[in-house]
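Work through the exercises below with the model open. Try each task before reading its solution.

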Amino acid sequence: MRINCVLALLLSAAAAPAFAHDTWLLPARARLQGGDTLVLELTSGMDFPRPGAPVKEDRIVARGVRLSGAIRELKAEPRAKALALSAVLDKDGVALAWIATGPRSLELTPEEVVHYLEEVGAADTIGVEWKKSGKKVWRESYVKLAKTYVRVGDPPHDRSWAEPVGLALEMVPEADPTLLKVGDALPLRLLRNGAPIAGLAVGAVASGTKASMHRTDADGRVSVTVDKAGPWLLRATAIRPASGSEGGWDSVFTTLTLEVPGPGGTKASEPVH
């Protein structure tokens, strides 16, 4: 009996749905010089920043990098655990890279729903609504969005980091994310289709740490303190009932990665991870 129980648990873990993985963009270097090639890894995993599984190129419906007001194409190259994306950055500035995937669908059991909603910080909001509906089988259509910032050269007057790129759910920093130091607080605003979204849980994960949870205020604002050097992952998931589909849900997952240099800073020629 005990062997059967252990086997059942292993099979359940192996069958864990893909949404439980974060999807992120991480630059090979967070500081570059004009003329350098930006190289990013797009991956999904459960142990940030370690890559888990590559995102297939045919799942991506939008991608690009914005620098000095111009959009550049990101070229793709499959790798074992990540999809590599690259572009030559020929000017100084703060580069913003992003991707968006097309929708996928899934179904969850009531037990899986409980774990899922706790993980994304929605147990006390969407979880309450779901319980009132009678805990029906969870049917969901979801998309994943990811973005990151890279500093190119020394652009003292570039405030393009404060401008949204237009993702369906987007974290917009209200301080330059490429100038963070250990102990700094990064103010963010969460926008859904361009409008502030209140009461949304935002998780913050540094390498080797558990996620800390925060929640946006009435204006969609939240502040996250980066108290450790190295890469950081900020993540949020917005879930709402699907229109015209009884018992269905629509969700948008969004992530933002940042690099916090250690003592002495990070030189443009040094890899950040």
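**Exercise 1. State what share of the 273 residues in the protein chain is buried, then describe the fold in outline.**

Step 1. Buried residues make up 47% of the 273 residues in the protein chain. Buried means under 20% relative accessible area, exposed over 50%, and partly exposed in between, with a 1.4 Å probe and protein chains only.

Step 2. The model is predicted: local features need pLDDT of at least 70, side-chain atom pairs count only at pLDDT 80 or more, and totals for chains, interfaces and linings use all residues. Residues are numbered from 1 along each chain as its sequence is written, and side-chain values use heavy atoms, with hydrogens and water left out.

Step 3. Count the secondary structure. The protein chain has three helices and 19 strands. These are DSSP runs numbered from the N terminus: helices (H or I) of at least four residues, strands (E) of at least two.

Step 4. Turn to contacts, meaning heavy atoms within 4.5 Å. Among contacts in the protein chain with a separation of 6 or more, 67% are between residues 24 or more positions apart.

**Exercise 2. Find the aromatic pairs and say which residues the ring pairs link into a cluster.**

Step 1. Set the rule. A pair of aromatic rings is described by the distance of the centres and the angle of the planes. Rings of Phe, Tyr and Trp (its six-membered ring) pair if their centres lie within 6.5 Å; planes under 30 degrees apart count as stacked, over 60 as edge-to-face and the rest as tilted.

Step 2. The structure holds six aromatic pairs. One of them joins Tyr116 and Trp138, edge-to-face, at 6.0 Å centre to centre and 90° between the planes. This pair links distant parts of the chain, 22 residues apart: Tyr116 is in helix H2 (residues 110–119) and Trp138 in strand E11 (residues 138–152). Tyr116 and Trp138 are both buried.

Step 3. Take Tyr142 and Phe253. Their ring centres are 6.0 Å apart and their planes lie at 75°, so the pair is edge-to-face. Tyr142 belongs to strand E11 and Phe253 to strand E19 (residues 248–260), 111 residues apart, and the pair links distant parts of the chain. Tyr142 has 5% relative accessibility, so it counts as buried. Phe253 is buried too, at 8%.

Step 4. Ring pairs link Tyr116, Trp130, Trp138, Tyr142, Trp249 and Phe253.

Step 5. Lys144 lies over the face of Phe253, 5.3 Å from the ring centre. The rule asks for NZ of Lys or CZ of Arg within 6 Å of the ring centre and within 35 degrees of the ring normal.

**Exercise 3. Characterise the lining of the largest pocket.**

Step 1. The largest pocket holds about 320 Å³ of space. On a 1 Å grid over the protein atoms alone, a pocket is an open set of points with protein on both sides within 12 Å along at least five of seven lines, whereas a cavity is a set where a 1.4 Å probe fits but cannot get out; lining residues have an atom within 4 Å of a point. Grid points are joined across faces, edges and corners, and a volume is the space filled by probe spheres set on the points.

Step 2. Of the 16 lining residues, Asp22, Met46, Glu119, Ala211 and Arg235 are closest to the centre of the largest pocket. H2 gives the largest share, three residues.

Step 3. Sort the lining of the largest pocket by class: seven nonpolar, three polar and six charged. Ala, Val, Leu, Ile, Met, Phe, Trp, Tyr, Cys and Pro count as nonpolar, Asp, Glu, Lys and Arg as charged, and the others, Gly among them, as polar.
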